[in-house]
Amino acid sequence: MTQDDKTYTDVSSEVSDADLARQAQAGERAAFATLYRRYLPRVYRYFYVRTGAVQPAEDLTSQTFMAALESLPRYRERGTFAAWLFAIASRRYADACRSQAAIPPEVADDAWDPPDPAPLPETALVHAERMAVLTQALRALSPDRAQAVALHFFGGLSHKETARAMGRSGIAVKSLINRALRDLRERLDHG
């Protein structure tokens with residue numbers, strides 16, 4: 001076991017994100033690795049539901065963590081680490097949408113991320129179909145509403161963190177989410 005492995009295993013889940021961010025700023029690689037492991041699934045889900053495809057979600061997730069690592073010296077505790085990280089993710093997604101290079105116009109055939117590493121083909125197909133329908137419904141929402149839903153439900157951010165990541169007030173975010181859910185219900189009930 002290397003020193004880095006020992007340091008990583010000694011970092012418990014009870015260490016706060018803020019403490020880990022400070023440790024990472026001080027050059028402790030294991031601290032950033034812990035933050036990466038904590039947030040990787042949430043950041044990936046956020047991008048997956050926004051893009052509807054595995055490859056762009058993986059690419060954007062990777063770009064987000066690279067940008068976070070590069071920006072870490074400038075991180076200040078003005079909110080939660082999650083809000084800071086998802087603000088970076090939001091900018092990466094906006095950049096990708098502007099360039100259109102990372103986001104395919106339609107949902108890819110392999111656009112599914114099954115929770116089971118070896119799902120039954122029927123289970124994987126049902127999951128893929130549901131994700132395709134959800135992705136299409138999200139794309140039909142206004143960009144702000146889709147962003148709020150993706151950050152809150154798929155990124156796992158609280159209303160306050162979502163507001164911080166979007167640069168909006170908490171009331172505005174709650175309103176966006178409520179309207180988005182109403183729109184999604186209507187689209188999915190009639191679609």
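Guide: Helix α3 has a kink of about 45° at Y39, shortly before the proline P41. The bend at a residue is the angle between axes fitted to the seven residues ending there and the seven starting there. Helices here are DSSP runs of H or I with at least four residues, numbered from the N terminus, while strands are E runs of at least two. Please keep in mind that this is a predicted model, in which local features need pLDDT of at least 70 and side-chain atom pairs count only at pLDDT 80 or more, whereas totals for chains, interfaces and linings use all residues. Residues are numbered from 1 along each chain as its sequence is written, and side-chain values use heavy atoms, with hydrogens and water left out.

Y39 turns up again in the largest nonpolar core: among its 51 residues, Y39, Y46, F47, F81, F86 and L138 touch the most other members. Such a core is a set of buried Ala, Val, Leu, Ile, Met, Phe, Trp, Tyr and Cys residues joined through side-chain atoms within 4.5 Å. Buried means under 20% relative accessible area, exposed over 50%, and partly exposed in between, with a 1.4 Å probe and protein chains only. The elements giving two or more residues to this core include α3, α4 and α5, along with α6 (121–140) and α9 (170–190).

Let's follow F47 next. Leaving aside residues up to four places away in sequence, F47 touches G52, A57, L60, T61, T64, A89, R92 and Y93, where contact means heavy atoms within 4.5 Å. Another partner of F47, G52, follows α3 and has a positive phi, near 75°.

On another side of the story is helix α2 (residues 17–25), where D17, A18, L20, A21 and A24 are buried. Seen down the axis of α2, these buried residues fall within an arc of 160°, so they line one face of the helix; the arc is that of the directions from the helix axis to the C-beta atoms. Their cover includes α3 (29–51) and α5 (81–99). After α2 comes G27, with a positive phi near 100°.
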